[in-house]
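Please read the following report alongside the sequence and the three-dimensional view.

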Amino acid sequence: MNHPSLFARMVDIERRKLFGRALLWTELVLFGALVAILHLVILYVSRNHSGQMPTEMAQRLTQALHWPQALINALQLANGGGLGGMLVVVLVGAFVAQEYRWRTVQLWLSRGAARPHFLLAKSMVILIALALIALTPLLVGGVITGVFTYLDQGTLPWLTMPWGTIFFDLLKVAYTLMPYAALTFFLAVASRSTMVAIGVGLGYSLLLENIFIQLLSAVSQGAARIAGYFPAMLAQSIMQTLNADAELSVDVGVSAQAHLLAPSLAALLIGLYTVILLAATLWIFLRQDISG
Amino acid sequence: MTVVLQTRHLRKQFGDFVAVEHVDLSISEGELFGFLGPNGAGKTTTIGMILGLLHPSAGRVEILGEEITPEHTDALRHVGALVSTPGFVPYLSGRENLHLLARLYPDVDRGRVEEVLKLVALQEAAARKVRGYSTGMKQRLGLAAAILHRPRLLVLDEPTNGLDPIGMKEIREMLRTLADEGVTIFLSSHLLHEVEQICDRVAILDRGRILAEGEVSHLLQGKRDLEALFMAVVAQS
């Protein structure tokens, strides 16, 4: 009888551990609720106050609430430099560091699970979590704006929807979350502490990164170029490719003066940061003494 | 007889502190081996190296002839372990934790999970989340997890921690039965009377070094019991 390889079974174990966590579903529900509130507020404004707006702005707002534009706008709420990054830091910090506190790292490793496999299995399952975080605003925003579109137009443009583009955009948004996941993974393994992993991860993504970007942008044009290499700015570079008319996009307070890199270079750098952080995590984990 | 566990010149140093020095052990199939020592003697550190959790500073560990290091852990698939207070996923039930572990072993099915839960008398509490378990219940679940995949070597660090006298007796009988079935057992314990009752051989460790090793009956010659022997050996060191 053929059995799945040990690694495949470890991935399945990690998947069960992740899906069994209340934290994952709580995050997704809260995120979904936030997305719903945001859309409903914008719908309310669009319905009741559009008369007080310039015509062009009112038209753009209405268009932004109709499919397919609305789906692309909703997706952007999960980008790495914004709310999505925060959710990833909390989830990955808990998912990795708590294994040390619960002593379950010992449980798996003392049963012959190879350390690189353990980390790789966790990384693969974290990718699923990133996809779920990116998918949440798409689904919630999609349902709300879908109802709005139907009420407004009497039909939904199912057949003319750019489903392939939307799916590809979903992958792009999930991709922008990767450096934040890798940074938190690194912090969790290096510190073995949930508090440190989440605290430092959030401190970086919410505070430090924005401060650095703002400062660099304020100093000079040359310094502003450096700001373009931070993960939040790289995420912005990729978000630009989704759609330039993103009315609902959540900006992280990044100065407009900062230079955005070309999307292909930004994608390359995001991948590079992720690989470097994961390699550093593996290097530390292989040398760690996992004691009682 | 097949040597199941062997350590050669095993040493572990943390900074300037030498926790384990020149530990040489050889344990054969079906043996029930007692590993004794006062607190801080280096027992858990030795077990950590046997299980590939700690990097030895020098020396080597072999299980069934295969070297074990944190990088080479294949042979650990034949090992069941219970180290101090066992760790489990707290938001899952005892049964779910065992099902999760069973995923590592293709030959372990749901029936086996129920079998080991019954063996450690944890069937009634198996549906409860582990975060609500007492120390004794976690210990029982740890034992269930250790024997789940019918290992050839059991490494147990204080397995009766938190158990009441009846529970301790049940575990003692279970270990003896397993040894009779050919399972090799490496038992670290503070409970000298317990070790004397069930072990074939013992080693006494203090300050990282083995001070005495041999068959219980042989070591006890001229001594009242294992406790007297232990006190004399540790006092001499």
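## Sheets, helices and the chain contact

In chain B, Arg11(B) has Ala58(B) of strand β4(B) as its bridge partner. The model in which this pairing is found is a predicted one. The two strands concerned are β1 (residues 3-14) and β4 (residues 58-63) of chain B, which pair in the antiparallel sense over five bridges. They belong to an open sheet of four strands in chain B, ordered β2-β1-β4-β5, in which the pairing is antiparallel. At the edges of this sheet stand β2 (17-28) and β5 (66-68) of chain B, each of which pairs on one side only. From one strand to the next, the twist averages 30°.

The strands β4(B) and β5(B) run antiparallel and are joined by three bridges, with Glu62(B) standing opposite Glu67(B) in β5(B). Together β4(B) and β5(B) form a hairpin with two residues between them, and in the turn Leu64(B) has a positive phi of about 50°. Helix α1 (residues 43-50) of chain B lies across β1, β2, β4 and β5 of chain B, and its course runs at about 120° to β1(B).

A further sheet of chain B is open and built from six strands in the order β6-β7-β8-β3-β9-β10, and here the pairing is mixed. Its edge strands are β6 (79-82) and β10 (209-215) of chain B, each pairing on one side only. Neighbouring strands of this sheet are turned against each other by 15° on average, when direction is ignored. Strand β9 (residues 201-206) of chain B pairs with β10(B) in the antiparallel sense over six bridges, and within this pairing Val202(B) has Gly214(B) of β10(B) as its bridge partner. Helix α8 (residues 226-236) of chain B packs on the sheet, where it touches β3 (32-36), β9 and β10 of chain B, and the direction of the helix makes about 35° with that of β9(B).

| Strand pair | Bridges | Bridge partners |
|---|---|---|
| β1(B) and β4(B) | five bridges | Arg11(B) and Ala58(B) |
| β9(B) and β10(B) | six bridges | Val202(B) and Gly214(B) |

In chain A, helix α7 (residues 115-153) and helix α13 (residues 263-287) pack at an angle of about 145°, with their axes 10 Å apart. The crossing in which α7(A) passes α13(A) is right-handed. On the side of α7(A) the contact is made by Arg115(A), Pro116(A), Phe118(A), Leu119(A) and Ser123(A), while α13(A) contributes Leu278(A), Thr281(A), Leu282(A), Phe285(A) and Leu286(A).

How much area do chain B and chain A bury between them? The value is about 2700 Å², of which 59% lies on carbon and sulfur atoms. The contact takes 30 residues from chain B and 30 residues from chain A. Within chain B, the residues that lose the most area to chain A are Leu53(B), Tyr91(B) and Arg103(B), which together account for 25% of what that side buries. Arg103(B) also forms a salt bridge with Asp12(A), in which the closest N and O atoms are 2.7 Å apart. Between chain B and chain A the count of salt bridges is two.

Some loops carry backbone features that deserve a separate look. In chain A, a cis peptide bond with omega of about 0° joins Trp67(A) and Pro68(A), and Pro68(A) lies in the loop between α3 (55-64) and α4 (69-75) of that chain. In chain B, Ala121(B) has a phi near 55°, which is a positive value in a residue other than glycine, and this residue lies in the loop between α3 (110-119) and α4 (135-147) of chain B. For Arg207(B), phi is near 50°, again a positive value in a residue other than glycine, and Arg207(B) is found in the loop between β9 and β10 of chain B.

Note on methods: Residues numbered from 1 in each chain as written. Chains lettered and ligands numbered in written order. Predicted model: local features only at pLDDT ≥ 70, side-chain atom pairs only at ≥ 80, totals over all residues. Heavy atoms only, no water. Axes fitted to C-alpha atoms, helices over the stretch in contact; angles between N-to-C directions. Left-handed = near helix turned anticlockwise from the far one by under 90°. Contact = heavy atoms within 4.5 Å. Pairing = 2+ DSSP bridges. Buried area = accessible area lost by both parts, 1.4 Å probe. Salt bridge = Lys/Arg side-chain N within 4 Å of Asp/Glu carboxyl O.
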